[in-house]
Amino acid sequence: SEDYGSMLLAEALLEECLKENFAKLKDSIPLTEKNEPKLSEAKQYLTSILSRGKLRPKHMTEAMLILGKLHYVEGSYRDAISMYARAGIDDLSTKDEPLYMLRLVTEAFVIKGLSLERSTNSIASRARLCEREEEVMACFETAYVTAQVYLQELEKTLNNTHSRSIKGSNMTYSEFELSYFLEAALQSAYVTHLKKGNIVKGMRSLREILRTVETKATQTFKMVRGMNRRWEVLLHSLSEDCYWSPLSDPLPEFMNKEDQSYSLSEAGAVHRREVSVLFYFSLLAGGRRVFEHSLVLLIMSLIHVANRDAVISRAPDQQDDRAVSLRDASAVYDLLSITLGRRGQYVMLSECLERAMKFAFDEFHLWYQLALSMVACGKSAYAVSVLKECAKLRPTDPTVPLLAAKVCIGSLHWLEEGEYFAKMVIDLGEDAGESLAKGYLALGLTYSLQATDATLKGTQDELNKKALQTLER
């Protein structure tokens with residue numbers, strides 16, 4: 001019982017350490033025992049437990065899975081692979097296992113796949129490398145299937161008010177977030193295919209994620225990560241001519257290139273019963289064109305991000321949640337800008353971006369996107385107002401007042417405002433870099449146009465003189 005308590009304590013310490021170092025984990029930066037006392041303490045507990053060997057076989061396996069995870073985060077990929085081999089994860093059954101074990105097995109397979117992927121540099125034989133790649137994909141696909149089962153079982157348990165007490169049974173879905181490794185389990189298979197240029201396999205895996213029975217735990221993942229990744233594949237990797245809809249097969253040249261005999265239409269028929277409402281909407285409204293399908297996906301993401309998960313409170317205790325909301329919103333709005341920009345739909349884009357302003361307090365990027373969309377669709381007066389706010393947020397950026405000066409001089413003929421923005425650039429001096437000359441050009445043009453509008457000969461001469469001096473400068 002003492003060793004079992006130590007194992008639970010070790011896992012708690014490891015999970016706290018991972019939560020504190022999420023950014024490093026995401027960037028694959030190994031953690032060190034020297035800098036992370038919780039990691040060191042957890043490792044001591046686990047190695048002591050395994051060396052004594054007093055736990056029941058089932059719990060010894062759990063300890064090995066936890067230690068394998070610890071080896072991975074400290075960058076010892078071979079040790080992680082060895083520990084999982086020792087635990088025999090390939091022979092572990094997940095049938096009728098508790099949620100806790102399902103989660104450990106899911107994480108074990110994705111970590112094993114990631115560890116194998118990071119240790120391919122030492123393989124010289126091409127045949128052995130191909131075998132390793134197949135083993136990596138097998139791990140990722142197993143992790144994905146087990147993760148889906150785990151999340152569906154978790155939802156059943158949390159919805160069952162009479163269920164037996166388990167770890168996390170008091171948790172609600174408002175508090176539940178996918179951990180780094182659970183999210184990796186859902187993503188790694190299709191991400192690996194896409195990295196290798198296997199568009200058909202990558203799209204197949206991604207579409208399967210959107211098809212499967214939806215749980216509350218995966219809604220945000222599907223709407224933000226899944227939809228955005230789907231959009232990137234559609235518009236980055238596929239042209240209008242080679243796109244295939246969800247219930248048809250890809251072009252033969254794609255199939256031949258990837259040696260892929262799998263029929264997507266057959267997959268659609270198999271999974272039709274499990275298609276979620278979100279996927280059906282995408283399926284029916286997406287049509288046969290990349291633009292149409294992409295736009296549907298992005299609108300769905302916008303609805304979810306902007307209306308359901310938005311955290312806009314300025315309270316200090318919600319700073320992290322607000323940052324996540326901003327990140328997700330910015331990603332969707334950036335993709336929407338590219339999608340609508342390709343079709344010249346700037347009016348629609350500006351209207352969408354106006355709704356993003358609730359996220360945009362002190363956020364230059366969203367303000368500037370809105371200003372550019374308004375310039376593009378001819379809402380010049382609104383654009384100047386927004387550019388003024390952009391200039392306040394980034395006072396050392398000369399491109400913002402330069403753009404405002406251009407709009408004022410050109411479409412609006414607001415010459416006093418144009419002069420004001422041009423002088424903002426000039427006031428930056430050498431900090432304006434190559435934009436300094438453009439600032440003098442804008443000011444010279446403003447003086448010249450003011451001279452043209454002047455009614456008194458003396459005023460005209462004075463303005464023309466200032467214009468000439470400024471243009472020479």
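Q: At roughly what angle do the axes of helix α17 (residues 364-376) and α19 cross?
A: This is a predicted model, where local features need pLDDT of at least 70, side-chain atom pairs count only at pLDDT 80 or more, and totals for chains, interfaces and linings use all residues. Residues are numbered from 1 along each chain as its sequence is written, and side-chain values use heavy atoms, leaving out hydrogens and water. Helices here are DSSP runs (H or I, at least four residues), numbered from the N terminus. The axes of α17 and α19, lines fitted to C-alpha atoms over the stretch in contact, with angles from 0 to 180 degrees between N-to-C directions, come within 12 Å and cross at roughly 20°.

Q: How does α17 run relative to α19, roughly parallel or roughly antiparallel?
A: Start from the crossing angle of roughly 20°. Angles under 35 degrees count as roughly parallel and over 145 as roughly antiparallel. That makes the direction of α17 relative to α19 roughly parallel.

Q: Which residues of α19 make the contact with α17?
A: Contact means heavy atoms within 4.5 Å. On the α17 side, the residues are Phe364, Tyr368, Leu372 and Val375. Their partners in α19 are Thr399, Val400, Leu403 and Val407.

Q: How are α19 and α20 arranged, roughly parallel or roughly antiparallel?
A: Helix α19 (residues 399-412) and helix α20 (residues 415-427) have axes 8 Å apart. They pack at an angle of about 160°. The two helices are therefore roughly antiparallel.

Q: How many nonpolar residues does the contact of α19 with α20 have?
A: Here α19 brings Pro401, Leu402, Ala404, Ala405, Cys408 and Ile409, which meet Glu417, Gly418, Phe421, Ala422, Met424 and Val425 in α20. Ala, Val, Leu, Ile, Met, Phe, Trp, Tyr, Cys and Pro count as nonpolar, Asp, Glu, Lys and Arg as charged, and the others, Gly among them, as polar. Beside 1 polar and 1 charged residue, the number of nonpolar residues is 10.

Q: How far apart are the axes of α3 and α4?
A: Helix α3 (residues 37-52) and helix α4 (residues 57-73) pack at an angle of about 145°. Among the residues that meet are Leu39 and Leu46 in α3 and Met60 and Leu67 in α4. The contact divides into 12 nonpolar, 2 polar and 1 charged. The distance between the axes is 10 Å.

Q: What is the volume of the largest cavity?
A: On a 1 Å grid over the protein atoms alone, a cavity is a set of points where a 1.4 Å probe fits but cannot get out, and lining residues have an atom within 4 Å of a point. The search finds 2 cavities of 30 Å³ or more. Lining the largest cavity are residues including Lys24, Pro30, Tyr72 and Arg118. Counting the space filled by probe spheres set on the points, which are joined across faces, edges and corners, its volume is about 80 Å³.

Q: Which helix gives the largest share of the lining of the second largest pocket?
A: A pocket is an open set with protein on both sides within 12 Å along at least five of seven lines. The second largest pocket has a volume of about 310 Å³, and its lining divides into 4 nonpolar, 2 polar and 6 charged residues. The largest share, 8 residues, comes from helix α7.

Note on methods: Parallel < 35°, antiparallel > 145°, perpendicular 65-115°, else oblique.
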